[in-house]
Amino acid sequence: MAGTPRGLLLAIVLLVAVAVVPASAKDYTVGDSSGWKSGVDYTAWAKGKPFGIGDTLSFQYSSSHSVLEVSEADHSACSASNPLRSHRDQSTTVPLTKAGTRYFICGAPGHCASGMKLAITVSGGSDSGSSSAGPAMRATNTTPAAGGATTTADAGESDSSVAGTGARLATGLLFAAVGLAALMMG
């Protein structure tokens, strides 16, 4: 039974590691305490932040603003006429589910031109589980984009995909820790 304390210690260490794994994804509040509003330098805010797959962007804003995910060309031109996704619920969470550059603007007239725009680059390996339509935003109230479709149907897929991956990883590590502890104690 001399190995029992060592096995218990190993099991505890592995359980602590399992608890830390889901916490590795980061939730970035866009603009930090300023939120999503005019007068914030979002290029400076994003600079140096290591956005990765599994992280989220949280946009907090007043009813005079919106969050539009747009193409690179529409971001450069501050064009709100053809958004990929459009939200006006004052609290929008965007899961980052695949690598690449994402572009956001405020759709209120003149806001993007005055600097209310954000481009981020998400790093990470290939994400074979994401849909070809791309990631979706999660919001409590959605507003149709120009095509008339809301993101509500897509939101569950991306959210559950990201959450499911972390949950499966945590569950697998937990079972491995318990199995290893049982082997060492037995």
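## Notebook: cysteines, rings, cores and strands

I began with Cys-78, which is partly exposed at a relative accessible area of 25%; here buried means under 20%, exposed over 50% and partly exposed anything in between, with a 1.4 Å probe and protein chains only. I note at once that this is a predicted model, in which local features need pLDDT of at least 70 and side-chain atom pairs count only at pLDDT 80 or more, while totals for chains, interfaces and linings use all residues. Residues are numbered from 1 along each chain as its sequence is written, and side-chain values use heavy atoms, with hydrogens and water left out.

**Entry 1, cysteines.** I searched for disulfides, taken as cysteine sulfur pairs within 2.5 Å, and the structure holds one. Cys-78 and Cys-112 form this disulfide, with their sulfur atoms 2.1 Å apart. The torsion about the S-S bond is about -70 degrees, so I recorded the disulfide as left-handed. The pair links distant parts of the chain, 34 residues apart: Cys-78 lies in the loop between helix 3 (72-77) and strand 4 (85-87), and Cys-112 in the loop between strand 6 (100-105) and strand 7. Helices (H or I, at least four residues) and strands (E, at least two) are DSSP runs numbered from the N terminus. Cys-112 counts as buried, at 4% relative accessibility. I then checked Cys-106, which is in no disulfide, since the nearest cysteine sulfur, that of Cys-112, is 8.3 Å away. Cys-106 also counts as buried, at 2% relative accessibility.

Most residues other than glycine have a negative phi. Cys-78 has a positive phi of about 55 degrees although it is not a glycine. Asp-32 has a positive phi too, of about 50 degrees, and is not a glycine either. I placed Asp-32 in the loop between strand 1 and helix 2, where it is partly exposed with a relative accessible area of 45%.

I looked for ring pairs among Phe, Tyr and Trp (its six-membered ring), which pair if their centres lie within 6.5 Å; planes under 30 degrees apart count as stacked, over 60 as edge-to-face and the rest as tilted. The search of the whole structure finds five aromatic pairs. One of them joins Trp-36 and Phe-59 edge-to-face, at 5.1 Å centre to centre with 85 degrees between the planes. Trp-36 lies in the loop between strand 1 (27-29) and helix 2 (42-46) and Phe-59 in strand 2 (residues 56-60), so this pair ties together parts that are 23 residues apart in sequence. Both partners are buried, Trp-36 with a relative accessible area of 1% and Phe-59 with 0%. Trp-45 and Phe-51 form a tilted pair, 5.9 Å centre to centre and with 45 degrees between the planes, and I find both of these residues buried. Ring pairs also link Trp-36, Tyr-42, Phe-59 and Phe-104 into a cluster.

For a core I took buried Ala, Val, Leu, Ile, Met, Phe, Trp, Tyr and Cys residues joined through side-chain atoms within 4.5 Å. The largest nonpolar core has 21 residues, of which Trp-36, Phe-51, Leu-57, Phe-59, Leu-118 and Ile-120 touch the most other members. Helix 2, strand 2 and strand 7 (117-122) each supply at least two residues of this core. Another core, of five residues, lies apart from it and has Leu-68, Val-70, Ile-105 and Cys-112 among its members.

I counted four helices and eight strands in the chain, and read along the sequence the pattern is α-β-α-β-β-α-β-β-β-β-β-α. Strands pair if DSSP finds at least two bridges between them. Four strands form an open sheet in the order 4-3-6-7, with antiparallel pairing. Strand 4 and strand 7 stand at the edges, each with a single partner strand, so one side of each is left without a neighbour in the sheet. Strand 6 and strand 7 run antiparallel and are joined by six bridges, and Ile-105 stands opposite Lys-117 in strand 7. Buried residues make up 35% of the 186 residues in the chain.

Which loop holds Thr-97? I found Thr-97 in the loop between strand 5 (91-95) and strand 6, buried with a relative accessible area of 6%. From Thr-97 to Ile-53 the separation is 44 residues in sequence and 5.1 Å in space, C-alpha to C-alpha.
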